[in-house]
Amino acid sequence: MTIYMQNTARAASAAPMSEAERKARIDLAACYRIFDMPGWTEMIFNHITLRVPAPEPRFLINPFGLHYREITASSLVLIDLEGKLLRESKWPVNRAGFVIHSAIHGSVAQAHCVMHTHTTNGVAVSCLKDGLSSDNFYGAMLHGRVAYHELQGVTVDLAERESLVRDLGDKHVMILRNHGLLSWGANVAEAYLRLWTLQRACDVQVAAGQAGGELNRLPPQVVQRMLGESGPGESQTCEDVYAAMVRLVDAREPSYRD
């Protein structure tokens, strides 16, 4: 089983880096550091990817071998939908990450940022037959808005891209059963707040299960009101939340910009 794609061939001669790519690199590197703060990390595994504006689809992905805390703007790897290296890098790319993220970037026009995690509570909820509960504040916001994809093994087979996209449908968040969580957005901020909401729903669901006692079920009308009055996809809220998180990273560890 090949878990990484080694960059043995030299990248084709690349055009000078545009300001749009520089900005995308800084935005994405910041996100990796934001994920590190609450421990949404899995050693050198899992991925956050971000499209770079260009005539042909291309996206940035983390170098396979670096912890999220080590990632900088310059270390991110630029590849196309076939996994071709578009700028020189001494780091390989994790094949499983490439398969999952290229599937969504290549099929969902608005999916500029894709996030995937293996947090303990996220994986725990993904193992439950009934999936995510709507009976907490965060879960209610996602009622009917979560897609599910069955585990088919380590995601290294390109053939799985078709079923991933089919199962995702028109949803912005997905639970990969027995595996983990995923979100996408038109930018990093949207994908982040959607994943944060899904993660919080999982955290509360697991904690409630451990607390014991009878669960207080939310009436359908309350769930519907939550769906109408709130939403992790509201653009300005996403931007405001994410900007606050970036300020925290800048205050702690601005080296990600290098």
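# A walk from the sheet to the ring cluster

Start by selecting helix 1, which lies across strand 2, strand 3 (58-61), strand 4 and strand 6 (113-117) and runs at about 160 degrees to strand 2. You are looking at a predicted model, in which local features need pLDDT of at least 70 and side-chain atom pairs count only at pLDDT 80 or more, while totals for chains, interfaces and linings use all residues. Residues are numbered from 1 along each chain as its sequence is written, and side-chain values use heavy atoms, with hydrogens and water left out.

Helices (H or I, at least four residues) and strands (E, at least two) are DSSP runs numbered from the N terminus. Angles run from 0 to 180 degrees between N-to-C directions, with axes fitted to C-alpha atoms, for helices over the stretch in contact; contact means heavy atoms within 4.5 Å.

Next, select helix 2 (residues 95-107). Helix 2 packs on the sheet, touching strand 2, strand 3, strand 4, strand 6 and strand 9, and its direction makes about 35 degrees with that of strand 2.

Now show the sheet itself: seven strands in the order 4-3-2-6-9-8-7, open, with mixed pairing. Strand 4 (77-80) and strand 7 (146-149) are at the edges with a single partner strand each, so one side of each has no neighbour in the sheet. Zoom in on strand 8 (residues 173-176) and strand 9 (residues 180-185), which pair in the antiparallel sense over four bridges; strands pair if DSSP finds at least two bridges between them. Here, Leu176 has Gly180 in strand 9 as its bridge partner.

Move on to the rings. The structure holds nine aromatic pairs (ring centres of Phe, Tyr or the six-membered ring of Trp within 6.5 Å; planes under 30 degrees apart are stacked, over 60 edge-to-face, the rest tilted). Select Phe35 and Tyr192: their ring centres are 6.3 Å apart and their planes at 50 degrees, so the pair is tilted. Phe35 sits in helix 1 (residues 19-36) and Tyr192 in helix 6 (residues 188-211), so the pair ties together parts 157 residues apart in sequence. Trp40 and Tyr192 are both buried (under 20% relative accessible area, with a 1.4 Å probe and protein chains only).

To finish the tour, select Tyr32, Phe35, Trp40, Tyr68, Tyr192 and Tyr242 together: ring pairs link them into a cluster.

Notes: Buried < 20%, exposed > 50% of the residue type's maximum accessible area, 1.4 Å probe, protein only.
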